[in-house]
Amino acid sequence: MIPFVDLKAQYTGIKDEVNAAIQGVLETCQFTLGSEVAAFEEEFATYSQAQYGIGVNTGTSALHLALLAAGIGPGDEVITVPFTFVATVAAIYYTGATPVFVDIDPRTFTIDVKEIEAAITDKTKAILPVHLYGQPADMDPILDIAKRHGLVVIEDAAQAHGAEYKGRRVGSLGDMGCFSFYPGKNLGAYGEGGMVVTNNPEYTRTIRMLRDWGAEQKYQHVLKGYNYRLEGIQGAVLRVKLRHLETWTEARRAVAAYYNELLSDGGVPTPEAMPYARHVYHIYAIRTQQRSEWQQALQTKGIQTGIHYPIPVHLLPAYADLGYKKGDFPHSEQAADEVLSLPMFPELSRAQCKEVSEAVTILANQATIELA
């Protein structure tokens, strides 16, 4: 069996470091926030080339609090994409604001910058680009549009730890950047976790209060807040893993390059990394019009795959109230019908890559023969 993700392999390589870090938290009993979280906030902010980091309990909470800190609320509109994990859109709903969708660029799976301005109204307050699969959105045009229209830019970088746009780390490009540390992420906790990074001290102060019941000091509740605090054990684990992140990232990029080489003559659409991007390959998604058949065939061969994501948000029953319909965002809908995520993790061997690629190539050749 070739797993889609192998967290056990990663743990085996850092077991002693992780166990010692967890033991340290058990001995200090700083289970909520505490010194390990504070140290991780500083280290991850520096890694992301931002001044401040605020640890929270999930990536969804990071998005929610970033939107609130920017003053987003009922009656406001936030522009984003429908081809993303549902949390991007849910966080907008949590504030009482309305998500407004624009389609993706089919080459990158990120927001089509040419469509943003047409979606701006007098209610628009923010743009929320998603750095999907580990590839940065095209940020310069987004930032230019935001500046001209007086909008806040909040980056959904949940899948893009260490990704770069023109040499700059994502998360530090807009007004705020939001990360998830869900276990399967490039930098994953052993549980849940998230962070907002920013260069703005006022946003930092507001988010720090909002995550901890709105209190600036204990029992002094300045804002109506939430219980979104990052746990001490997760902070300790993430500090250990952050030290290895660049090595793991380069390993992912090497896996992706090998996949690209092996699949180059197979007629299989593979991920296209943009010239401006350092793609970090949280997901390696190919495209096929026979996805169900391919996924089943690969599973039969002992190869696990994933689908990210099978239904764009505008077609989910939960968000039918937005009033969108099938056909409104054709690139997002086509991607949702075709993407198939191959095994991708730093410890994936060349032999495993070759086995996966050979199986995919056979399927592609069979499809070509059937079409002929």
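Reader: Leaving aside neighbours within four places in sequence, which residues is lysine 185 in contact with?

Author: This is a predicted model, in which local features need pLDDT of at least 70, side-chain atom pairs count only at pLDDT 80 or more, and totals for chains, interfaces and linings use all residues. Residues are numbered from 1 along each chain as its sequence is written, and side-chain values use heavy atoms, with hydrogens and water left out. Contact means heavy atoms within 4.5 Å. With those neighbours set aside, the partners of lysine 185 are Ala158, Gln159, His161, Ser180, Arg252 and His282.

Reader: Is lysine 185 buried or exposed?

Author: Buried means under 20% relative accessible area, exposed over 50%, and partly exposed in between (1.4 Å probe, protein chains only). The relative accessible area of lysine 185 is 15%, so the residue is buried.

Reader: What does the UniProt annotation that covers Lys185 say?

Author: UniProt positions are given in the numbering used here, feature names are shortened, and annotations may be inferred rather than shown by experiment. The record is an unreviewed entry, and its annotation for Lys185 reads "modified residue: N6-(pyridoxal phosphate)lysine".

Reader: Lysine 185 is found in the loop between which strands?

Author: Strands (E, at least two residues) are DSSP runs, numbered from the N terminus. The loop that holds lysine 185 lies between β8 (176–180) and β9 (194–198).

Reader: Which residue in β8 does aspartate 156 stand opposite?

Author: Strand β5 (residues 152–156) runs parallel to β8, and 3 bridges join them. The β8 residue opposite aspartate 156 is cysteine 178.

Reader: Which residues line the largest cavity?

Author: On a 1 Å grid over the protein atoms alone, a cavity is a set of points where a 1.4 Å probe fits but cannot get out, and lining residues have an atom within 4 Å of a point. Volume is the space filled by probe spheres set on the points, which are joined across faces, edges and corners; for the largest cavity it is about 50 Å³. The lining is Val5, Asp6, Leu7, Gln10, Pro183, Gly184, Lys185, Arg252, Phe345, Pro346 and Glu347.

Definitions and conventions:
On a 1 Å grid over the protein atoms alone, a cavity is a set of points where a 1.4 Å probe fits but cannot get out, and a pocket is an open set with protein on both sides within 12 Å along at least five of seven lines; lining residues have an atom within 4 Å of a point. Helices (H or I, at least four residues) and strands (E, at least two) are DSSP runs, numbered from the N terminus. Two strands pair if DSSP finds at least two bridges between them.
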